[in-house]
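Look over the model first, then read the points below.

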Amino acid sequence: HGGGADLQFPHHENEIAQSEGANDKPLARFWVHNGFVRVDNEKMSKSLGNFFTIREVLERYDAETVRFFLVRTHYRSALNYSDQHLDDAATALRRLYTTLQAVPPEPVATLDWNQPFAARFKAAMDEDFGTPEAVAVLFDLASEVNRTHSAALAGQLKALGAILGLLRLQPETFLKRGAGSAAALVD
């Protein structure tokens, strides 16, 4: 269960008391309290006029780029939203897809968590859902794929990315998205 860090007291404490009193069992085994969303280093708020909805963001950026932007920051840290940060996320995600385009991945039925990159990825995720470290593993793995041209490692890259909801598309499909605006102009 979770919500914003500002909701821990009194909201979540009241919620726990009410739910456990009514149901006679624990409300949640795990609590996740996210950091605040900032826009260009200012607190996001309607009163400041820097408020936006996810629907508005998805009009400008594809969902996988937004997801990648989100997982690059630890959930408890403040998230600084800006078009520049989303553009950077899109560029970084393109690098991963470019690797998969250059070295087509072997299918991975089951990840071997004893493999070095998979073990590092799992350790990062097991440490308080450490997605920034897990993303760093993806880039280290992409570098190794580019160096060795190993289809097996490319498959591992794709499989680990999928855990975060990333790298699920065919590389050509994702990479053509950047050209989508040009295609629209041609049409």
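Helices (H or I, at least four residues) and strands (E, at least two) are DSSP runs, numbered from the N terminus. The model is predicted: local features need pLDDT of at least 70, side-chain atom pairs count only at pLDDT 80 or more, and totals for chains, interfaces and linings use all residues. Residues are numbered from 1 along each chain as its sequence is written, and side-chain values use heavy atoms, without hydrogens and water.

**Second largest pocket**
- A pocket is an open set of points on a 1 Å grid over the protein atoms alone, where a 1.4 Å probe fits, with protein on both sides within 12 Å along at least five of seven lines; lining residues have an atom within 4 Å of a point.
- This pocket holds about 150 Å³, a volume being the space filled by probe spheres set on the points.
- α3 gives the most to its lining, with three residues.
- α2 (54-58), α3 (63-71) and β5 (79-81) each supply at least two.
- The lining has 10 nonpolar residues (Ala, Val, Leu, Ile, Met, Phe, Trp, Tyr, Cys and Pro), one polar and no charged (Asp, Glu, Lys and Arg); the others, Gly among them, count as polar.

**Largest pocket**
- Its volume is about 190 Å³.
- Its lining has six nonpolar, six polar and no charged residues.
- Among the lining residues are N34, H74, Y75 and F129.

**Helix α6**
- Just after α6, H149 takes a positive phi of about 60°.
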